[in-house]
Each structure stands twice: as C-alpha cells, then as structure tokens.
Amino acid sequence: MPLINETKTAVIRTITLNRPDKRNALNGPLVEALHDALRADADDASTRVVVLTGAGSTFSSGADLEALRQMRTAGPMQNRADSEQLAALFNAIYTHPKPVIASVNGHAIAGGCGLASVCDFAVAVESAKMGFTEVRIGFVPAIVAVYVRRKLGETALRDLMLRGRLIDAAEAAALGLIHQAVPESELDDAVQALAHDISRNTSASAVALTKQLLADVPGMGYREALDHAVQLNAFARGTDDCQAGIQAFLDKTEMPWTQTVDADVSDEE
C-alpha cells in the first residue's frame, strides 16, 4: 500500500497520508514520500494549490510508535538525521511556491499538529483535537516551534507548548493556529472553495513571491527587511503576471489566471 495517495482535479492537487491503520503516524518513509511529492508539485506549473489530508478518521497522530522505540536507542547522528528530515519537510511546506491547505479531517497531535500548522491554511473538522503533546512524554516540540511562534503570540504559544494540552478545532481557530473549524460534512466543500478562490483570483507568481517574502522578512532587521521589500517590489513589476494583470485591470477584462482556471474547470466537467 502506498504511503501517500495523490489525486488532481483541475488545478488542485490533493496529497493524502495513507497509513490509516497507524492513524497516519509519521515515520521516516512517510516523511520522505511526502517531501518527494511536494517537490514534484513545486515544479508542476499546472498545479495552483496543494491540499494535504489524511486517510481514515485521523489527520495524523504524530510520531510512529516504532519510530519512538527506535529513538530510545538511536545515537546522536541518527537522531540528528531524523530531526533534519522532519525539518526539511516542514521547510518544504512553508516555502513551497504553491499555497498548501491542510484539510484536517480528524485529530492532529504533536508532529501531526505541526504538519497542519506549517501549511498556509488549515481547515479542520469541529471534532478534531489538536495540540503539541511532546512535553508530556519528555520530548520537545522544537522544530515546529520555529514556525508556530510566527503564528501565535507568546502567551498562547507557551500555554500550548509548555502544558502540552489538547484543544478542539474551534479554540485552535480562535487562537489563529488554524483558519476555520467546520462540521465534518462541510470539510471538503470548505477546502475546495478556498482552493478554488485562491487559484481563480490570484496570480501564481505573485503568490509564490509573497510566500517567499513572508518566510524571509521575520528573520531580518528593519532596514534589511525594508530593502528586501523594495527589491522584491521592483522585481514583481517586471514579471509577466504583473504586466498582464495591470493590462487586464486597465482594460476592465478578466485576469488571465481567472480565464485559465475557468477553462481548466470546464475541461474537467
């Protein structure tokens, strides 16, 4: 059985974690397979949005039990290699040129919550429990903390990570950890509506450049960030999408990416 399944409808690519018998727990092979799929999607110009979800009733329960057993006996080099593999996956999602939406179809715990948190958008079923429970087994949510501290204020961050408590999807949305909590029957429609809105109403190159900007600027000082923004602003003006978008705006016609997506949807139908 493949560790992930991939499907595509029009311009939306869906990647499904496919270990339902293990509650889509993360292990080395699954992390590698997911990273490989994301790399392939990054180079696919026909994909505008990537959706990440889990098979069965759980999004991801975090680290695989066998991986935890191996952690007890692994040496420093193996532990570092495993950590670097997970960090590379999270970085691939966070810096992916396409928007990545987590369709959280069930509980997202520890590393599974981290996986949802690093996505650009996350929509979860109301029944989902989420949280960073690592400290409850003597572990540290180190890698995901790099990303979540960019999303949450320190009060909320410390409450979640130092207590290791689970929260429901509604609280996760209120905190800003995810974007929306919906009834289970509405999850697919909500995710597809969001993906379609992004793909139809935004420029692929502008979104990719904006994602890069949002990833880079928090690590810069004020003057460096402002200089970087000026350079990116100037560069964006010369891109094909910006030139075409300005022309369409002046001509009062539909944006070219809107026309492309509508044509792709019509072909699917």
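Predicted model: local features only at pLDDT ≥ 70, side-chain atom pairs only at ≥ 80, totals over all residues.

Start with the rings. A search of the whole structure turns up two aromatic pairs. One of them is Phe90 with Tyr147: the ring centres lie 6.3 Å apart and the planes stand at 85°, so this pair is edge-to-face.

Buried here means under 20% relative accessible area. Phe90 comes in at 1%, so it counts as buried. Tyr147 has a relative accessible area of 11% and is buried too.

The other pair is Tyr94 with Tyr147. Its ring centres are 5.0 Å apart, with the planes at 65°, so this pair is also edge-to-face. Again the partners come from distant parts of the chain: Tyr94 sits in helix α3, Tyr147 sits in helix α5, and they are 53 residues apart. Tyr147 takes part in the pair with Phe90 and in the pair with Tyr94. Together, Phe90, Tyr94 and Tyr147 make up one aromatic cluster.

Next, the sheet. Six strands form an open sheet in the order β1-β2-β3-β5-β7-β10, and the pairing is mixed. The edges are β1 (4–9) and β10 (180–182), each of which pairs on one side only. On average, neighbouring strands are turned by 20° against each other, direction ignored.

Look at β7 within that order. Strand β5 (residues 100–104) runs parallel to strand β7 (residues 121–125), and four bridges join them. Ala102 faces Ala122 of β7 across that pairing. Helix α8 (residues 187–201) packs on the sheet and touches β2 (12–17), β3 (49–54), β5, β7 and β10. The direction of α8 makes about 165° with that of β7. β7 also pairs with β10, in the parallel sense, over three bridges. There, Val123 has Gln180 in β10 as its bridge partner. Four of the five residues of β7 are buried, leaving the strand mostly covered.

Last, a helix pair. Helix α9 (residues 204–216) packs against helix α10 (residues 222–237) at about 175°, with the axes 11 Å apart. That angle makes α9 roughly antiparallel to α10. From α9, the contact uses Leu209, Leu213 and Asp216. From α10, it uses His228, Leu232, Phe235 and Ala236. Five of the contact residues are nonpolar, one is polar and one is charged.

Definitions and conventions. Residues numbered from 1 in each chain as written. Heavy atoms only, no water. Axes fitted to C-alpha atoms, helices over the stretch in contact; angles between N-to-C directions. Helix = DSSP H or I, 4+ residues; strand = E, 2+ residues; numbered from the N terminus. Parallel < 35°, antiparallel > 145°, perpendicular 65-115°, else oblique. Contact = heavy atoms within 4.5 Å. Nonpolar A, V, L, I, M, F, W, Y, C, P; charged D, E, K, R; others polar. Phe/Tyr/Trp six-rings, centres within 6.5 Å; stacked < 30°, edge-to-face > 60°. Buried < 20%, exposed > 50% of the residue type's maximum accessible area, 1.4 Å probe, protein only. Pairing = 2+ DSSP bridges.
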